[in-house]
Amino acid sequence: MATVSRALTDQWSVALAGLVPVPARHRERVVSQVEALGILGCSQATLEGLVEGGLPVAGMDAVGEPLIDFYDIINVGLYSGSGVSLGELGGSVLMRFAAEPPDRWLGKRRWEITCEYRCQATGFPDGGWTIARPRPDVSDGSCDEWARSQAGGGSERGFLAAARGLLELQGVHRQVVAPAVRRVFWEWLNDIVVGQRLRFQWLPPSIRSEPELARGLGLIECVSASLMLETEVRALGFEARTRTGHVLGLVSVEHAWTEFRDDDGQWKFLDPILAVVAQRTGRAHPDFAEFCLGSIANRVVPWDCPAGEALAVHHCHGAPSHVVTKVAGAAVP
Amino acid sequence: MSTGRALLAELIGPAFTARLGAGADLVRSGVNSGDLVRLALLLEERYGVALSAHDLEELRTVDGIEALVDRLEAGGAVRSAADAAPIQSD
């Protein structure tokens with residue numbers, strides 16, 4: 001934990017004191033001072049106070065200004081209570097649906113999704129793509145259209161592929177009947193929200209896909225949570241799996257959860273992190289946490305892809321390369 | 001300039017806003033998700049309402065923004081419900 005600068009207001013001091021910084025060996029992306037100010041929505045003096053107070057500096061840029069880990073910046077903002085940081089604003093907008101009456105989460109909704117895949121390895125245009133398909137059928141929805149295209153050609157920013165889909169997503173209410181799984185779910189929520197034994201933070205891929213590493217740091221987010229919960233539910237004797245998805249809306253965000261076969265033979269959804277994110281907005285409907293125990297909303301796209309695995313792989317220069325995926329969704333009347 | 005375009009211009013600049021067609025998809029035209037989120041917050045602040053998830057889905061095009069602004073000016077947006085409730089358990 002960082003020490004706290006006296007120059008900071010209470011809210012920023014608390015956010016900095018609680019931050020669990022990304023260990024230096026897991027730093028994957030750093031941001032400039034200008035980018036950090038854009039993410040935090042704070043003054044230059046506040047950012048300087050954060051650095052003076054112990055926010056780790058990952059290096060210096062060409063003009064001698066600090067470079068800071070992207071996730072450290074997002075997470076300080078997330079707990080600042082300022083209401084203006086990008087993490088807080090994004091969560092508030094993304095989870096607006098969770099404040100609405102439960103009947104809006106259920107039933108069928110049609111969405112058009114567009115996906116862009118960008119291979120990070122430049123200079124090797126050859127090689128095919130493996131791209132996961134949407135699986136709305138796991139919640140009784142359907143994929144009415146799905147078309148892939150290789151946008152072709154390389155550029156200095158990497159090689160592109162794209163896909164477009166027309167999906168009918170079905171929000172379904174499924175109640176978990178297995179008492180042991182219900183107990184595990186509520187223990188998780190209490191650990192994160194009430195006991196704060198696990199702290200919700202955004203994590204770089206190299207930590208979130210290693211649940212024991214995340215747990216050792218006292219941290220949790222959707223990928224690590226889904227993998228840990230899969231292990232726990234399997235240990236109770238249930239068939240379980242994880243899944244990558246996207247929550248659609250004005251901003252669409254990659255997500256992951258656990259699924260298990262309940263005592264009644266039906267597959268149920270376990271999504272404590274979505275409940276946590278909704279709770280953090282301060283506006284969640286009182287039934288939303290219970291909804292995340294078994295059910296899925298009609299704006300969540302399941303993919304044919306387990307948690308922690310890439311939605312797309314570009315097979316270039318003889319090995320799979322890291323691909324950045326962007327998904328956007330628009331409701332179709 | 002219409003109210004919707006003027007709000008958008010506050011965030012992404014008048015020159016970029018002027019290039020956007022009325023029905024063009026904002027994301028595909030290069031407006032980033034941070035700007036869309038800030039547009040939503042700006043509308044809430046200006047009109048003193050909390051936008052619903054359905055309202056937010058309209059912020060895809062300049063036409064969508066205009067339609068939402070028209071509704072807000074006519075008093076048609078509804079403040080969304082409820083303070084946070086405590087997490088429940090069995």
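**Figure 1. Packing of helices H6(A) and H10(A) in the predicted model**. Helix H6 (residues 179-194) of chain A packs against helix H10 (residues 272-280) of chain A at an angle of about 40 degrees, and their axes lie 10 Å apart. H6(A) and H10(A) are therefore oblique to each other. Their crossing is right-handed.

**Figure 2. Residues of the contact between H6(A) and H10(A)**. H6(A) contributes Phe185(A), Trp188(A), Leu189(A), Ile192(A) and Val193(A). From H10(A), the contact is made by Pro272(A), Ile273(A), Ala275(A), Val276(A) and Gln279(A). Nine residues of this contact are nonpolar and one is polar, with no charged residue.

**Figure 3. Burial of helix H10(A)**. Eight of the nine residues of H10(A) are buried, so this helix is largely enclosed by the rest of the structure. The buried residues are Pro272(A), Ile273(A), Leu274(A), Ala275(A), Val276(A), Val277(A), Ala278(A) and Gln279(A). H10(A) is followed by Gly282(A), which has a positive phi, near 75 degrees.

**Figure 4. The open three-stranded sheet of chain A**. The strands are arranged in the order E1-E3-E2, with antiparallel pairing. Strand E1 (30-31) and strand E2 (59-60) of chain A stand at the edges; each has a single partner strand, so one side of each is left without a neighbour in the sheet.

**Figure 5. Pairing of strands E2(A) and E3(A)**. E2(A) pairs with strand E3 (residues 66-69) of chain A in the antiparallel sense, over two bridges. Met60(A) stands opposite Pro66(A) in E3(A).

Key
Residues numbered from 1 in each chain as written. Chains lettered and ligands numbered in written order. Predicted model: local features only at pLDDT ≥ 70, side-chain atom pairs only at ≥ 80, totals over all residues. Heavy atoms only, no water. Axes fitted to C-alpha atoms, helices over the stretch in contact; angles between N-to-C directions. Helix = DSSP H or I, 4+ residues; strand = E, 2+ residues; numbered from the N terminus. Parallel < 35°, antiparallel > 145°, perpendicular 65-115°, else oblique. Left-handed = near helix turned anticlockwise from the far one by under 90°. Contact = heavy atoms within 4.5 Å. Nonpolar A, V, L, I, M, F, W, Y, C, P; charged D, E, K, R; others polar. Buried < 20%, exposed > 50% of the residue type's maximum accessible area, 1.4 Å probe, protein only. Pairing = 2+ DSSP bridges.
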